[in-house]
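Hi there,

Here is the structure I promised to pass on to you. Have a look at it first, and then read on for what turned up.

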Amino acid sequence: MADTNNLTGVRNSGVAIADPLIGSTASNTSQILEVTGQGEVSVVTTLTEVQLGIRVQAKTATEVQEQVAQRSTAVVDALQKLGAQELQTTSIQLNPVYSFENGTQTLTGFEGLNTLQFELPTNQAGAAIDKAIQAGANVIQNISFTASDEVLQQARLQVLSEAVKDAQAQAQAVFSTLQLTPGQIIDIDINSDDNPRPSPLVSNLTADRVSASASTTPIIGGPQTIEASVSLDIGYSPNSAGTLASATDSLIGVRNSGRAIADPLIGSTASNTSQILEVTGQGEVSVVTTLTEVQLGIRVQAKTATEVQEQVAQRSTAVVDALQKLGAQELQTTSIQLNPVYSFENGTQTLTGFEGLNTLQFELPTNQAGAAIDKAIQAGANVIQNISFTASDEVLQQARLQVLSEAVKDAQAQAQAVFSTLQLTPGQIIDIDINSNDNLRPSPLVSNLTVDRTFALGTTTPIIGGPQTIKASVSLDIGYSPNSGVILDLPLNGLQQYA
């Protein structure tokens, strides 16, 4: 079995492919199992990178440039006083603005946008954004989170170890089920994936000089995922495939199905046979989910952007406090938005107010999720965007290994049915191809709660998690000895085919 370490969020899955190496002397075997293990580690992020800007419209390009320069200087000064790191200009734009009427294009003014980027510890990022907006920034383009270089380097090494353990566990599950004797590790291939930052928060703050005077905007960094894969080529000693018994275990919800195809390989010397049966077994296991992931938000509309930002900041702070008191895990900010609201009448666009939406995500045991949602709504949340269920990492890892065994047993049962019907004598297992399917979470529950401060009085919202399905397929190439005179009772253009 694969071991786990003390890092949070380790999930392993992989694929295994076996190819015969005819004449190979490695481990005195002629067959190779190539197994690929996957490692995934989630680490806590501590740094936030922010891209914000200063957008100005005016009648002339000179006016625009003067205002952008003044406000950009004020924003840079404010950020430098806060100790912002990696502070840099990332974009300078100046473009004409046109109106279109009766097919005629008319220049009405100019728009300028200067964009700055900086980095700060996440616990300081919200206050820095507020200060920058007070100084003149009025666009938030991007927010992303990352761990420190030291933490990332340690995680990269540990995730390689997890990938190796996963490959070993898969190989053991296959060899044990097929009663094969593993040999030496002949080849090792390490594939460390690129590890991008978590999906950034994307915001579109367009109001001029918006500030939250009553509360600091809460920003909670999400985890960063590090992934790697390791492939092992393991030799094995083939045993006779004469006994191909179908078996089942105690897992609930196992359903097996597959396909079997026999192809003659004329002149092949593999396993001293001239024919190969290729059979693919399918394994499917349903496991009970115990964890619920929730995305909810705080949506506010008001006449001015300042009112919106103040209310969103206050209510977001209250929701975060409520969820933290309930012990919510993986609590993070997933979206910050502030947008103008327009009305359109007789071809004229009129600004009528602003709308803000801050979105949070958290995870709790399913039996606690309903009460947590109720508490969050009482604290100020008024949008539920997504609910999904998953089993624990330990249950998922065990299921992935067991479903491989189920797929092998299904392949064996199919092969036995074919060989028995055709009165053929099975030989060695020449090739093994294991395909662990992507095991996605169940389709999430989707809700759109938009009524302000709606909550259930005197009762807790019931939430019941559905099962999570784990799938895998295993293909076996099994040599067999053809018997002479066997009639294949299969019509082929009205004729019978004789072996």
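This is a predicted model: local features need pLDDT of at least 70, side-chain atom pairs count only at pLDDT 80 or more; totals for chains, interfaces and linings use all residues.

In helix 5, the buried residues are Thr-366, Ala-369, Gly-370, Ala-372, Ile-373, Asp-374, Ala-376, Ile-377 and Ala-379. Helix 5 covers residues 366–379, and its 14 residues should span 20 Å at 1.5 Å a residue. The C-alpha atoms at its ends are 20 Å apart, so the model agrees with that expectation.

The average pLDDT of the chain is 75, and 71% of the residues score at least 70. Residues 446–457 have a pLDDT below 50, yet the model gives this stretch 25 contacts beyond near neighbours in sequence. Residues 490–499 also stay under 50 in pLDDT, and there the model has 13 contacts beyond four places in sequence.

Now for the chain as a whole. Its secondary structure amounts to six helices and 18 strands. Of the 499 residues, 46% are buried. Among contacts with a separation of 6 or more, 85% are between residues 24 or more positions apart. The chain has an accessible surface of about 24300 Å², and carbon and sulfur atoms contribute 49% of that.

Leu-107 belongs to strand 5, which runs over residues 104–121. Is Leu-107 buried, partly exposed or exposed? It counts as partly exposed, because its relative accessibility is 46%.

Glu-86 is not a glycine, but its phi is positive, at about 55°. You will find Glu-86 in strand 4 (residues 85–101), and it is exposed, with a relative accessible area of 55%. Gln-179, another residue other than glycine, has a positive phi near 55°. Where does Gln-179 sit? Its place is the loop between helix 3 (149–178) and strand 7 (181–192). Gln-179 is exposed too, with a relative accessible area of 62%.

Enjoy exploring, and write back with any questions.

Best wishes

Conventions:
Residues are numbered from 1 along each chain as its sequence is written. Side-chain values use heavy atoms; hydrogens and water are left out. Helices (H or I, at least four residues) and strands (E, at least two) are DSSP runs, numbered from the N terminus. Buried means under 20% relative accessible area, exposed over 50%, partly exposed in between (1.4 Å probe, protein chains only). pLDDT is the predictor's confidence in each residue, from 0 to 100. Contact means heavy atoms within 4.5 Å. The expected span of a helix is 1.5 Å times one less than its number of residues. Accessible areas come from the Shrake-Rupley method with a 1.4 Å probe; for residues, only the protein chains shown count as cover.
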